[in-house]
Amino acid sequence: MSGTRRVLVAADKFKGSLTAVEVAGRVTAGLRRVVPDLAVEALPVADGGDGTVAAALAAGFERREVRVAGPLGDEVTAAFALRDGTAVVEMAEASGLQRLPAGVFAPLTASTYGSGELLRAALDAGARTIVFGVGGSATTDGGAGMLSALGARFLDADGEPVTPGGGGLAALAAADLSGLDPRLASVELVLASDVDNPLTGPKGAPAVYGPQKGASPDDVETLDAALAHYAKVLEEAAGPRAAEYAAAPGAGAAGGIGYGALLLGARFRPGIEVMLDVLGFAPALDRADLVITGEGSLDEQTLHGKAPAGVAAAARAAGKEVVAVCGRLALPPEALERAGIRRAYPLTELEPDVARCIADAGPILERAAERIARDFLTA
């Protein structure tokens, strides 16, 4: 790569340490310490989970804020991104774990109502295409809260609304979708996610992701049964497609909000693919000679739809060389090679103390970028 003079930094966040924007800034600083006149283009990326709106804003989208219900019903200020009729909405902004008080979980009662309010705000703003990034949720309600905010009704045997959260769906007797916002029919809704789980069962939302949200084994059982019942009631309201959607890839994303989105007519696409399109990755890639991607941990999960794998796949298809930065590396060289990553630069190679790596990630990342510059950008 001797003579390379244009670099594209397209990395995700280092969760708990650096945002994707900060990663790009630190990498750029380190590269230019070795090659001062280097042309660097920063394109922070995300795969649909938390950080998706931030990536869109860094790419030039306009920030819009709205007050919505948090997962426990308290009001929070959530943001979405808007540009030329396309809105990027991140469910974690309204219904994410980040919205819960420290150490507090509510696996049975957390609701996605605020995510529905965010979608409604995007419609109010005139969005014709909505990229709905899901991930990092505090919820396992199958999207019932979201659908309620958009006009659906979920009633118990007494004709009263069921209580919020996945646990309340056990008492569901009837679902009425006739009041859904009519604007949804004329909007392209894209479900952007890096997981392809079904709604229920051994690989479903409660079993796989419930424990991350504080669900005990009994809670997981309760939620799985409640969501299966919910899908059955929705089948009576919406027909056979409701059962098909429950088994479809992506239905189990973000506590089953994927299922609710599919009921709204959403098209499921891997989050990183959608975001690369939305962020303008292809023209940026054309301008680059070397691509630097990465995330906090490069591991087996990375290979299954995470941002660095998507970036590397697109870059390899374009014949561009890719290296990666990360906090920790848990992939052998052959796995990196298969993913299209020539070499990875983990912070732990420079600072073996993981706690210090997390606390001082920025300066250490700059040092890693200096190594990349010396290895790939100098004669």
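Reply: In this predicted model, Cys326 counts as buried because its relative accessibility is 0%. Cys357 takes part in no disulfide, and the cysteine sulfur nearest to its own, that of Cys326, lies 9.7 Å away. Cys357 is itself buried, with a relative accessible area of 5%. With a cut-off of 2.5 Å between sulfur atoms, the count of disulfides comes to 0. Cys326 accordingly belongs to none, its nearest cysteine sulfur being that of Cys357, at 9.7 Å.

Turning to the sheet, one finds an open arrangement of 6 strands in the order β3-β4-β5-β6-β9-β10, with mixed pairing. Strands β3 (62-69) and β10 (267-270) stand at its edges, and each has a single partner strand, so one side of each is left without a neighbour in the sheet. From one strand to the next, the twist averages 30°.

Two helices may be followed from here. Helix α9 (residues 253-263) lies across β6 (129-133), β9 and β10, running at about 160° to β9, while helix α10 (residues 271-279) packs on the sheet with its direction at about 90° to that of β10, touching β4 (75-83), β5 (86-90), β6, β9 and β10.

Terms used. Residues numbered from 1 in each chain as written. Predicted model: local features only at pLDDT ≥ 70, side-chain atom pairs only at ≥ 80, totals over all residues. Heavy atoms only, no water. Buried < 20%, exposed > 50% of the residue type's maximum accessible area, 1.4 Å probe, protein only. Pairing = 2+ DSSP bridges. Helix = DSSP H or I, 4+ residues; strand = E, 2+ residues; numbered from the N terminus. Axes fitted to C-alpha atoms, helices over the stretch in contact; angles between N-to-C directions. Contact = heavy atoms within 4.5 Å.
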